[in-house]
Amino acid sequence: MRAVVVDELGGPEVLALRDVPEPEPGPGEVAIDVAYVGVNFADVTGRASGYLVASLPFVPGMEASGHVRALGEGVTGLAVGQPVTAMTMAGGYADVVVAQAPLTYAVPDGMDLRTAAALPIVLPTAHALVHETARLGAGESVLVHGAAGGVGTVVGQIARHAEAAAVYGVVSTPDKARYALDFGYDEVFLAADFDARARAATDGRGVDVVLDSVGGETWRRSLALLAPFGRLVSFGNAAGEEPWSADFASLIANAAGAHAFSISTLARTAPQALRPLAERSFALVAADEVEMPITAEFDLQDAAEAHVLLESRASTGKIVLRVGSPQ
C-alpha cells in the first residue's frame, strides 16, 4: 500500500510517498481503508521536531475517515464496510490505517467522508474548550486565539451556540480577521494589540474566558486580560516558547483559573472519555448547527504542499488529503 513516510526530521521535503506493508489490526483495533485525512499542525511539528513521534521512521496523520476494512479481536459495535472516522494518533497518511476501537466513530447519517475526516481532532477539542474545560456560561465573554484556524472557526460557532454575550477572536492578518467574522465572532483583533482592543471592547473589565493556542508572551498577556473569576485555557504552544506557568500570585488578584487541554494526551490517558465528547460535538455538525469549513484539499502524494500551506500561517479553516474512494 501507499504511505507518506518520514525517515528523518526536517522540512516538508522529508515527506516521501512509498510502498509499505499493510498494517493488520490487533486486539481492540480497527483497520480502515482511508478515504480522507485531516491535516493538523501537530503533523507539521511531528515532522519538523518529533512532537508526539515515538520513533523514526513514522507515518503522520492523526485523523482519518474511510470504511472499516477489518476488525481486531474483541471489537464490537462496528462492521466491515461501515463508514467511520477515527483519531488515529499516527499513520493516517496511508491507504490503510489502524486505529483503536474506542477512538473510531461511526460517521453520522448524511455526512460525507470528506467532512468526517476533519472532525476527530477539531470538533471534540472545540467542544471541550468551550464546555468541559472553560465551562463558558450564557452571558459570559470569550476571546479565542487563532480564530481563523480549524479549531478557532468551530470554537466561535460553539461559543455563540452556548449563548456567550460576546465572542472575540485574535488573528495575525486583516484577511484572516475578515474570514473569522463569518464563524460566530463579534469582533476580531490583530495579535499585536489584542489585549488593548479587548479591554476597550469590554470597557476595561476584561473577558471571562481566554482560549490560547499560542503560549509564551501571548499566554502572559491573556492572563492579565481576565475579568474577575476568569478562566484561561491553554491548548497549544504555537509560539514554541517555554511552557506556560501560572503561580498563586498571578491568579489570586482576579481569583482567576488556569486550565489546559490536549486531545492527544486525553486519547492516551482516557480514550473512553473521548467517545461521549466526540458524539456530542459531531452531532452539532450533523444537525447543521456548526459548520466545519474545509478550505484546501490535496492528493496524498502532495502532502508536502499541504504542510507548506499550513506552515505559512496563511491558511484558514481545515486542510484535508484525498487518499482513496469516498464511496
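**Ground rules**

I note that this is a predicted model, in which local features need pLDDT of at least 70 and side-chain atom pairs count only at pLDDT 80 or more, while totals for chains, interfaces and linings use all residues. Residues are numbered from 1 along each chain as its sequence is written, and side-chain values use heavy atoms, with hydrogens and water left out.

**Whole chain**

I counted 11 helices and 15 strands in the protein chain, taking helices (H or I, at least four residues) and strands (E, at least two) as DSSP runs numbered from the N terminus. The radius of gyration of the protein chain is 20 Å, which agrees with the value near 20 Å that a compact globule of 327 residues would have; the radius is taken over C-alpha atoms, and the globule rule is 2.2 Å times the number of residues to the power 0.38. Along the principal axes, the C-alpha atoms fill a box of roughly 60 × 40 × 35 Å. Of the 327 residues, 54% count as buried, and among contacts between residues at least 6 apart in sequence, 70% join residues at least 24 apart.

**Cores**

I then turned to the nonpolar cores, each a set of buried Ala, Val, Leu, Ile, Met, Phe, Trp, Tyr and Cys residues joined through side-chain atoms within 4.5 Å. In the largest, which has 59 residues, Val155 and Leu211 touch the most other members, and helix α3 (residues 119-133) gives the most to this core, with 8 residues. Looking at Leu211 by itself, I found among its contacts Leu129, Val142, Val144, His145, Val155 and Phe235, again not counting residues up to four places away in sequence. A second, separate core of 34 residues includes Val37, Ala296, Ala303 and Leu321.

**Aromatic pairs**

For rings of Phe, Tyr and Trp (its six-membered ring), I took a pair to need centres within 6.5 Å, with planes under 30 degrees apart counted as stacked, over 60 as edge-to-face and the rest as tilted. By this rule the count comes to 3 aromatic pairs. The rings of Tyr105 and Phe282 have their centres 5.6 Å apart and their planes at 85°, so this pair is edge-to-face. Tyr105 sits in strand β7 (residues 104-106) and Phe282 in helix α10 (residues 271-286), and the pair links parts of the chain 177 residues apart. Both Tyr105 and Phe282 are buried. Tyr168 and Phe189 form a stacked pair, 5.6 Å centre to centre with 25° between the planes. Since Tyr168 lies in strand β9 (residues 166-171) and Phe189 in strand β10 (residues 187-190), this pair ties together parts 21 residues apart in sequence, and both Tyr168 and Phe189 are buried.

Which residues of α11 are buried? I found Ala303, Ala306, His307 and Leu310; seen down the axis of α11 they fall within an arc of 100°, so they line one face of the helix, the arc being that of the directions from the helix axis to the C-beta atoms. These residues pack against β1, β2, β3, α1, β14 (294-299) and β15 (318-322). The buried residues of α1 are Ala42, Asp43, Val44, Gly46 and Arg47, and what covers them includes β1 (2-6), β2 (15-19), β3 and α11 (303-311). Just after α1, Gly50 takes a positive phi of about 85°, while α11 is followed by Arg313, whose phi is also positive, near 60°.

Asn40 lies in the loop between β3 (29-39) and α1 (41-49) and is buried, with a relative accessible area of 9%. Beyond four places in sequence, Asn40 touches Met62, Glu63, Ile121, Leu310 and Lys318.

**Ala90**

Last, I checked Ala90, in the loop between β5 (83-87) and β6 (96-100), which counts as partly exposed at 39% relative accessibility. Its contacts, not counting residues up to four places away in sequence, are Val59, Gly61, Met62 and Val97.

Conventions: Buried < 20%, exposed > 50% of the residue type's maximum accessible area, 1.4 Å probe, protein only. Contact = heavy atoms within 4.5 Å.
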